[in-house]
Amino acid sequence: MSRSIVLLGGPDSGKTNYIGPLWRVLDAGNGELHAAEQPDDINFVLEISDHISAGGFAPRSEHSDARRDFEVVVAAAKGGPQARIVVPDISGELWRNAVINSEIASDWMDELKRADGALLFVRVNSDQDVRPLDWVTSRTMLERIGDEEELGLPTQVMLCELVRFLENSLSSREDGERPRLSIVVTAWDLVDTETFQRGPFAFIEREYPLVAGKLTDLDSLDVRVFGLSSVGGDLKHDPVYRKAFLEGGPDGRGWVAVIESEEWTKDPDITLPIAWAVGLSSCD
Ligand SMILES: Nc1nc2c(ncn2[C@@H]2O[C@H](COP(=O)(O)OP(=O)(O)OP(=O)(O)O)[C@@H](O)[C@H]2O)c(=O)[nH]1
Ligand SMILES: [Mg+2]
């Protein structure tokens, strides 16, 4: 029953701010997945939640932060199959360094090998998106990946490489199916209506064509793309939304974009990308 899910993504991609709201839904038990047992040590998760419930984003993780794991046993239904999920909150800086050095620290490599599912985060409108890798490094990586120089490429290079790490390391599921990868496009509340209706994969195709190509060609992983808003809006720059959020009504909470009869809509169940990745989702 022990399954681990890794959560990875570059700097500023929304990993930490997902974990707090995720725990709230798991704990309240109103999503596809609920917590089947009280987790051991979730102080850091509660700290994240405190920031968010005060109406602000939890701060970016420090480069030097010790690795923090959020470990919880989840189930889709009472008495149903359970899965122990381990969600490590690792600073994106470290993931990026792993790509640059082509080397993953051995303890994470072990974690990746143990995992049979992953969530890869990429964020809408991150100012970290335009920060290039140094040119020597990007050129070597470009040669390896075999594409032309292109604006915005560094993030693409990183994402393609992270997908490659996952291809090489995730283990097959117990049922023999391919490991699952949820691509999670975060801060999906920031996109305009048209982009929202085209869906998160179209966004990736437009912003990161290499990544879209890579995902389309993957044989070894089963991929699904989600649009996520962990907190439902921009707490930092949108005072009207922040007020709605603090009031705690139905218009002030996080959601996942799902497609229903060809229309994209907002589902308040932010456990969905994990439920699908662990194979405990009803929407298989
Ligand atoms: N609009 C919006 N912005 C979000 C949301 N979630 C995260 N953000 C923004 O994304 C920023 C980065 O989020 P973090 O959770 O710190 O990202 P991270 O991936 O943990 O970053 P590192 O710790 O650097 O790896 C936040 O400061 C917010 O500005 C969301 O649901 N909506
Ligand atoms: Mg973080």
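1. A residue is taken to be near a molecule if its C-beta atom, placed from the backbone, lies within 6 Å of it. By that criterion, 23 residues surround ligand 1, and the closest are K15, T16, N17, S61 and G92. The shell around ligand 1 has 5 nonpolar, 11 polar and 7 charged residues; here Ala, Val, Leu, Ile, Met, Phe, Trp, Tyr, Cys and Pro count as nonpolar, Asp, Glu, Lys and Arg as charged, and the others, Gly among them, as polar.

2. This is a predicted model, in which local features need pLDDT of at least 70 and side-chain atom pairs count only at pLDDT 80 or more, while totals for chains, interfaces and linings use all residues. Residues are numbered from 1 along each chain as its sequence is written, and chains are lettered from A and ligands numbered from 1 in the order in which they are written.

3. Helices (H or I, at least four residues) and strands (E, at least two) are DSSP runs, numbered from the N terminus. Helix α1 covers residues 16-28, and its end C-alpha atoms are 19 Å apart; this agrees with the 18 Å that 13 residues should span at 1.5 Å a residue, the expected span being 1.5 Å times one less than the number of residues. Just after α1, G29 takes a positive phi of about 75 degrees.

4. How many residues of α1 are buried? A residue is buried if 20 or more other C-beta atoms lie within 10 Å of its own, exposed if 12 or fewer, and partly exposed in between, with C-beta atoms placed from the backbone. In α1 the count of buried residues is 10 of 13, among them T16, N17 and W23. Their cover includes β2 (34-35), α2 (43-53), β3 (68-75), β4 (82-89) and β7 (222-229), where contact requires C-beta atoms, placed from the backbone, within 7 Å.

5. Six strands form an open sheet with mixed pairing, in the order β1-β5-β6-β7-β8-β9; two strands pair if DSSP finds at least two bridges between them. Because β1 (4-9) and β9 stand at the edges with a single partner strand each, one side of each is left without a neighbour in the sheet. Neighbouring strands are turned by 30 degrees against each other on average, direction ignored.

6. Within this sheet, β5 and β6 (residues 180-186) pair in the parallel sense over 7 bridges, and T186 in β6 is the bridge partner of R123. Helix α4 (residues 106-114) packs on the sheet, touching β1 and β5, and its direction makes about 125 degrees with that of β1. Helix α8 (residues 200-207) lies across β6, β7 and β8 at about 95 degrees to β7. Axes are lines fitted to C-alpha atoms, for helices over the stretch in contact, and angles run from 0 to 180 degrees between N-to-C directions.

7. Most residues other than glycine have a negative phi. N125, in the loop between β5 (115-123) and α5 (135-145), has a positive phi near 60 degrees and is exposed, with 10 other C-beta atoms within 10 Å. S261, in the loop between β8 (255-260) and β9 (263-267), has a positive phi near 35 degrees; S261 counts as exposed because it has 5 C-beta neighbours inside 10 Å.

8. S281 lies in the segment after α11 (272-278). The C-alpha atoms of S281 and L33 are separated by 7.9 Å, although these residues are 248 residues apart along the chain.

Notes: Two residues are in contact if their C-beta atoms, placed from the backbone, lie within 7 Å.
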